[in-house]
Structure formats: C-alpha cells, structure tokens
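Here is a friendly walk through a structure, from single residues up to the way its chains meet. Have your viewer open and follow along.

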2 protein chains.
Amino acid sequence: MTYETLYQEILTKKSYLCVGLDTDSQLIPPHFQRLNNPILAFNQMIIEATADLCVAYKINTAFYESMGAKGWEIMEKTLNLIPETHLTIADAKRGDIGNTVTQYAKAFFEQMQFDAVTVAPYMGADSVKPFLQFAGKWVILLALTSNASSQDFQFETLASGERLFEKVLQTSQNWADKTQMMYVVGATQTEELAKIRGLAPEHFLLVPGIGAQGGSLAEVSQIGMNKHCGLLVNVSRSIIYASAELDFAEKARQEAQNIQQEMAVYLDKYLGIAGLKD
Amino acid sequence: MTYETLYQEILTKKSYLCVGLDTDSQLIPPHFQRLNNPILAFNQMIIEATADLCVAYKINTAFYESMGAKGWEIMEKTLNLIPETHLTIADAKRGDIGNTVTQYAKAFFEQMQFDAVTVAPYMGADSVKPFLQFAGKWVILLALTSNASSQDFQFETLASGERLFEKVLQTSQNWADKTQMMYVVGATQTEELAKIRGLAPEHFLLVPGIGAQGGSLAEVSQIGMNKHCGLLVNVSRSIIYASAELDFAEKARQEAQNIQQEMAVYLDKYLGIAGLKD
C-alpha cells in the first residue's frame, strides 16, 4: 500500500486506527473453544466487526509463534481475511545481518503478503536495508517504545548531546523516506512526541500504548498529527477483549467506533476541512 | 542445559564449536530436491556428521520462517533431531514488551524446547526478563554484532564515556548472571574483545563471524577465552555448505573437525591441563 493510498483511506474513514490482533487463546470468549480453529474464527469476527472503522491491522507474531507451526498457519490465514484496503503490519520486531534479513523479508513480504514489518534498529543499516528492496513494502522502525524500560538504552544521552532514539530517527532517514519507513513511538511518550515530530516531520508514526498501557489519544493526536495525519494509533486489548461473552464482536465494534469517532474530531480539528478534501 | 554441563561438554569434546543451521533450500545439494522434505533430511545428515565435534547447534529462525508454517514445522523437527547433550539455540533476535515476550518465551522454551534464544536489547529490561522466568533456559543478548553497520548505533559513545554496547553489557548484568545469560559478540570485533571480556569476565560469549564473514578463530580464542572457556564459536555456511555434491556430509564433517582440532589446541594452550581436568 502506498503512502497516498493510506492517507486517502484515513480521510475516507475519518480514522487512523490500527487494530492489533494480539490474540491469546486464554483470553478469547470460552465458547470459541468448541470450534476447530478458535483463534482464526475469533480473528475473522473481529475483522468483520471493525474493518470499516480502521485503516490497518497489526498482527503480533509472538502470539502465533507460541502455538508453533499451527500458529504460523493461523497467522497466514488471518492475513488473508484482511481486506486489501487495509495496511497489514507484521509486528515482528526482527533485526539481523543482511543475508538473514533477506530471509525475514521473504517470510513477511513474499511467503506472506504483509505490507509492513516492524524492525529493531540495534544492528544498524544492514538490518533494515534488505527489507527496503521490496517495492511497495514498509519498514516500521522502533524509535521510542511504550514500555518502562525504554529508559534503559533508548533515552541514553550520547556524547553528541542527542539521545539514542533521536539518533535512530536521524540516521535511519538516510535509508528510506516517508513512503517506505514509519516509526514506532509509544503513546506513553507524549513528552517526547513534539521533539520526535520535529525530527521526522513527514513520516507516519505507529503509536501503540493507548488503552491498557495508559496513553492518551487526545494528547497523541494533538502533538503528533502532521498535515497528512501521519499517525496510526494501535489499539489491541481494549478492542479485541472488550467482552469475553457472546457479545464480544458487538462490544469490540463499539469500542473501535468510540475511538474512530474521537479520531474524526481530531482530524477535523487539526487537519481542518481543507485537509479532509486534500 | 546448565553452565556446568556446558563446560563439561566442552572439556569432553575439546570443542567450543556451535554449528549454525542456516539452511537455505537454494544452497543445499541438488539431489535433496527429490526428497519429500529436503531441508529436514539435509539437517539430519549435517547433525549426524558433526554431533561429536560440536557442543551446540544454532537454528537461525529466519531461514525457516521464509518457508511459512511448513518451515516452522521443519524447525521443530530439526530441533528434535539434536541430541540432548547439545545446547540448542534459537537465533531469533526477538525483543518486545513484557506480555509479548512471554509469548515468545512460550514459543521457544515451551512449544519448542530450545535451551537458549538470542534477544535484541533496544527495548531494555522488560524485553529480556520474561525469558529469564524459565528455569534452566538462557538469554543470549546482542552486545556487539559482526556486521559492518554495528557502527551505526552500537559504537555510539554516550555522555558517560561508555559506548552503547558497553552500556548494554553492564546494565544487563543486573538482570542475570553467567548461568542464564550469554552475549553475542561478532568475531570481526576482535579489537573490542579484550574490553568486552573485561566487562563480562565470566559470561559465555556466542561468537559468529568466523569463516564467511572473515573473523579469526585464533584471535577470538586468544583474547576471548576465560577460565571456563567462555566461548561458543558459531560456524554456519563454511560447514554446512562445504560441498554441494554427494560428499557434502563428509566435507561438512571434515570442516567441523578442522575447527575442532584447532579448538583443542587453544583449549590446551589457554586453559592448560589443569583446566581440562577441572
């Protein structure tokens, strides 16, 4: 999916919501356990209940890998249920040396047809560039994550005066522009968001941490939005586990709709009518 | 596998060789293509040809993920072919927030029975500690990698005067001791190896980059060995692709044996007879 198509989808749906399919067999409604493939059936109902309210789905690979080969198959089948109008993200946080990264790129961009993959920056350019060889695909690089121990290394001040996450944001812009790269910035990091937006004014930011982790959609939107929106806000648990009863899909939709309606307000407020017709 | 058991295996075999199963269907001998499961058959023959010469096998997950669910199944079956006397490493370079890491730990330590998993440090303590909850299992944390772009971030000097990889080595020793943590240090980084050994005197170092990547076993052994050896040197391509003909297993064994015999010399030289009877 191109940058322009993603932006148009955001305008059409008045939404920059990404629904995270971190599906855990222990947390889905008990009545699914009677089915042949509970996770896939659950994912299908969540996708059907939310597709018109979101522009992206993020599949957290860990939750599928923990089921082994069968989980990998469920991940593939889930991906195939997502409409082509939606950006599909493999939240895999891979990162390795060149010839190995090419194998990961094949896994996520050829063997499966994800649009984007999250990547860890520690190993530098070699660990990112092979993903960028795939036309029309995206790297979403970890910049400043939502977890408490982002303090351990990401906030380290370098001799140059920058902090590590700032260095990552700057260096990595030599590898790809806004049409092939996004950044992960946790919603709990709003104090840093203005700075980050200054360092990467045009790139989309994938923002997890709203909901269960305590981030504020209002703050993220006010500080983080650029003239092409430039935000994908991921919500996983508070949507997909909105209810553990038979009404789970309805409740998931309601939660997604609440978020989308709030997003529509921010899009009007910060992009303005002109922006919405752009 | 415990630290003590690993050390005893090293003394018994006079080897600190780890064989890397980065098996690529494009690179294995052509006659395997006629088989039902070429990669698994190839891995089985490589394991049989090398098991008495090495103390560990490292499975690079990327090469299996690129084949999808079937690849994941081959990875599981390969793992089951490795004798219990050998340390088994999932070279997965995972790293995520807590509840997701727990899923990765389940994938590699429960669903499959790897002894160790490689982990990327960028997200800090949260992304490592859940792995450490699994008794008898190891985290192998990326410290200083063998690739050229390790320069991009790992060598950054911090305001404190340390470089990032040194900070990773120091901070992470608060999370686990030598019995649960090892570090990845590229064989191409021999200029830094003495410093690293000083910062982590007792931990095992997993050292890739001998062979195809140009690192020197002699240098790594001289500088990196501690009194319990403390080294696992990984070799992948130059062993498993030693020949693309019918004699591939024999040639792989020969290459592994050359390395093991060189290792025996270094163990005698640097640990001495006393060390070998310890």
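Predicted model: local features only at pLDDT ≥ 70, side-chain atom pairs only at ≥ 80, totals over all residues.

You will find A:Lys14 in the loop between α1 (3-13) and β1 (17-21) of chain A. The phi angle of A:Lys14 is near 45°, which is a positive value in a residue other than glycine.

B:Cys229 also deserves a click: its phi is near 75°, again positive in a residue other than glycine. B:Cys229 sits in the loop between α10 (217-224) and β8 (231-235) of chain B. Because it has 24 C-beta neighbours inside 10 Å, B:Cys229 counts as buried.

## An exposed lysine

Now turn to helix α12 (residues 248-277) of chain A, where A:Lys269 is found. Is A:Lys269 buried or exposed? It has 11 C-beta neighbours inside 10 Å, so A:Lys269 counts as exposed. Between A:Lys269 and A:Ser221 there are 9.9 Å in space, C-alpha to C-alpha, and the two are 48 residues apart in sequence.

## The nonpolar core

In soluble globular proteins, nonpolar side chains tend to be buried together. Here, the largest nonpolar core has 187 residues. Those with the most contacts inside this core are A:Leu17, A:Ile140, B:Leu17 and B:Ile140.

Take A:Leu17 and look at what surrounds it. Leaving out residues up to four places away in sequence, the residues that A:Leu17 touches include A:Leu53, A:Cys54 and A:Val55, as well as A:Val233 and A:Val235. Others among them are A:Ala256, A:Ile259, A:Gln260 and A:Met263.

Helix α2 (residues 38-50) of chain A has 13 residues and reaches 18 Å from its first C-alpha to its last, close to the 18 Å expected at 1.5 Å a residue. Its buried residues are A:Ile39, A:Phe42, A:Asn43, A:Ile46, A:Ala49 and A:Thr50. Seen down the axis of α2(A), these buried residues fall within an arc of 130°, so they line one face of the helix.

The 13 residues of α4(A) should span 18 Å at 1.5 Å a residue, and the end C-alpha atoms are 19 Å apart, which agrees. Buried in α4(A) are A:Ala69, A:Gly71, A:Trp72, A:Ile74, A:Met75 and A:Thr78. What covers them? The cover includes β1, α2, β2 (56-60) and α3 of chain A, together with α4 (69-81) of chain B.

## How the chains meet

The contact between the chains takes 51 residues from chain A and 51 residues from chain B. On the side of chain A that touches chain B, the elements giving two or more residues are α3 (61-65), α4 (69-81), β3 (87-94), α5 (98-111), α7 (150-153) and α8 (164-172). The largest share, 7 residues, comes from α5(A). This side of chain A divides into 21 nonpolar, 19 polar and 11 charged residues.

How can chain A be laid on chain B? A turn of 180° and a shift of 0.0 Å along the axis does it, with an RMSD of 0.0 Å. The two copies are therefore related as by a two-fold rotation axis. The same surface serves both copies, since 100% of the contact residues of chain A recur in chain B.

Key. Residues numbered from 1 in each chain as written. Chains lettered and ligands numbered in written order. Core = buried A, V, L, I, M, F, W, Y, C linked by C-beta atoms within 7 Å. Buried ≥ 20, exposed ≤ 12 C-beta atoms within 10 Å, placed from the backbone. Contact = placed C-beta atoms within 7 Å. Helix = DSSP H or I, 4+ residues; strand = E, 2+ residues; numbered from the N terminus. Nonpolar A, V, L, I, M, F, W, Y, C, P; charged D, E, K, R; others polar. Least-squares fit on C-alpha atoms with pLDDT ≥ 70 in both. Expected span 1.5 Å × (residues − 1). Arc of directions from axis to C-beta.
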